Amino acid sequence: MSKNKAKIIGMTVLTSTVLLSGCGLFNTETQKKIDPPKTVTVKEGPVSKETVSKETTAKEKEAAKNTVKTELYLIDKDGYVVPQTLALPKTSSVAKQALEYLVANGPVTDLLPNDFRAVLPEDTEISVNINKDNGVATVNFSKEFKNYQPEDEQKILQSVTWTMTQFDNVKSVKLKMNGHELNEMPVNGTPISENLSRATGINIDTNDVADITNTKPVTVYYIGGEEGSYYYVPVTRRISNTEKDNYAAVVNQLIQGPSGKSTLVSEFMSDVKLLEAPKYENGTLTLNFNSNIYDSFKGKEISQSLLDMLVLSLTEQQGVEKVAVEVNGKADIKNDQGKKVSEPVTRPEKVNTGSY
């Protein structure tokens, strides 16, 4: 898959209800239709398209009141653990519900995007206890939890950890099975750290690393899927311990692109450069690029999907809340939808919210 294939992604891959001050990135959420009316009853005379449209919209709005958008970390056809934002029924136990929607042949079945599958074994029962003082979520699985394929072991750990830590009150996760604490996974024996967190990584890629002991992890977002259904995939890469500037290292990983063995792509071309070190101040990170960051098909415009990748990747870094982009020292730039990108961009609340 060529890098330029991803150019057609546009705004359908990732949207959000919260964002930007002033520039409009991520700001047109594609609502997933919930239980749309399958038929329209005509009582007297013809029903206009406008009437049907109003009825449909009203029903969608009413259904939306009873749902909450939740990130579920599911497995795609290439084996990546990917966040997909789905509208789940409102409940007082959102964390427990999120995990229940990770169970194969469970309530998530009719909501699964094409070519995605749930990660937990069928019939697994779950309980969750969150310690409000330290943010540790203890997840207790029933005995069915051990009925997974060995190759899914790491994926299960990552999916559960990242699904749980989307919630503000969860900082880390502890696993149990039948009430007994798990120090290792029950099938292949993967060690489980005392408290699992996002620092553990996701979709870990060590293909280009010669000596892992002298490296540290950074998580960046590449693009997966195919035409008509692209989405962002978090990947944890290893960078040298000698790297002092993690922000520049993240940008370099985006420019370098995913491993040659990967099915993922990056929107960054190899000649994109930072003209100076990133500047961090009060939660905002400012990046100054050369003009090669412009979309070669659009002239002096920056690809929206490139901006999305940049913001998602850099806001994984501790303390980064917004990303400001400059080209040759100037902030007055546009994305490839012709919208100004003159203000810092904040991270969206949810990732991969498009309909499929």
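This is a predicted model: local features need pLDDT of at least 70, side-chain atom pairs count only at pLDDT 80 or more; totals for chains, interfaces and linings use all residues.
Residues are numbered from 1 along each chain as its sequence is written, and side-chain values use heavy atoms, with hydrogens and water left out.

**The pocket**

- Eighteen residues line the second largest pocket, and Gly79, Tyr80, Asn203, Ile204 and Asp205 are those that lie nearest its centre; a lining residue has an atom within 4 Å of a point.
- Helix H3 gives the most to this lining, with three residues; helices (H or I, at least four residues) and strands (E, at least two) are DSSP runs numbered from the N terminus.

**Helices H5 and H4**

- Eleven of the eleven residues of helix H5 (residues 304-314) are buried, so H5 is largely enclosed by the rest of the structure; buried means under 20% relative accessible area, exposed over 50% and partly exposed in between, with a 1.4 Å probe and protein chains only.
- The cover over the buried residues of H5 includes strands S7 (215-226), S8 (229-240), S10 (284-289), S11 (322-327) and S12 (345-346), together with helix H4 (246-256), contact being heavy atoms within 4.5 Å.
- Eight of the eleven residues of H4 are buried, so H4 too is largely enclosed by the rest of the structure; the eight are Tyr247, Ala248, Ala249, Val250, Val251, Gln253, Leu254 and Ile255.
- Those buried residues of H4 pack against S7, S8, strand S9 (279-281), S10 and H5.

**The nonpolar core**

- The largest nonpolar core has 83 residues, and Leu120 and Leu175 have the most contacts inside it; such a core is a set of buried Ala, Val, Leu, Ile, Met, Phe, Trp, Tyr and Cys residues joined through side-chain atoms within 4.5 Å.
- The largest share of this core, seven residues, comes from H5.
- When neighbours within four places in sequence are left aside, the contacts of Leu175 are Val139, Phe141, Leu157, Val160, His180, Glu181, Leu182, Ile192 and Leu196.

**Salt bridges**

- The count comes to eight salt bridges, each being a side-chain nitrogen of Lys or Arg within 4 Å of a carboxyl oxygen of Asp or Glu.
- Asp152 forms a salt bridge with Arg117, the closest N and O atoms being 2.9 Å apart; Asp152 lies in the loop between strand S4 (136-141) and helix H3 (153-164) and Arg117 in the loop between helix H2 (94-100) and strand S3 (126-130), so the pair ties together parts that are 35 residues apart in sequence.
- Within that pair, Asp152 is buried at a relative accessible area of 7%, whereas Arg117 is partly exposed at 36%.
- Asp205 pairs with Arg237 in a salt bridge whose closest N and O atoms are 3.4 Å apart; Asp205 is in the loop between strand S6 (180-181) and S7 and Arg237 in strand S8, so this pair joins parts that are 32 residues apart in sequence, and both residues are buried.
- Arg347 and Glu316 meet through their side chains in a salt bridge (3.1 Å, N to O), which links the segment after S12, where Arg347 lies, with the loop between H5 and S11, where Glu316 lies, 31 residues apart.
- Arg347 counts as partly exposed at 22% relative accessibility, and Glu316 likewise counts as partly exposed at 23%.
- Lys77, Asp78 and Glu226 are linked in a network of salt bridges.

- Most residues other than glycine have a negative phi.
- Asn178 has a positive phi near 55°; Asn178 lies in the loop between strand S5 (172-177) and S6 and is partly exposed at 48% relative accessibility.
- Asn352 also has a positive phi, near 55°; Asn352 is in the segment after S12 and counts as buried at 0% relative accessibility.

Definitions and conventions:
On a 1 Å grid over the protein atoms alone, a cavity is a set of points where a 1.4 Å probe fits but cannot get out, and a pocket is an open set with protein on both sides within 12 Å along at least five of seven lines; lining residues have an atom within 4 Å of a point.
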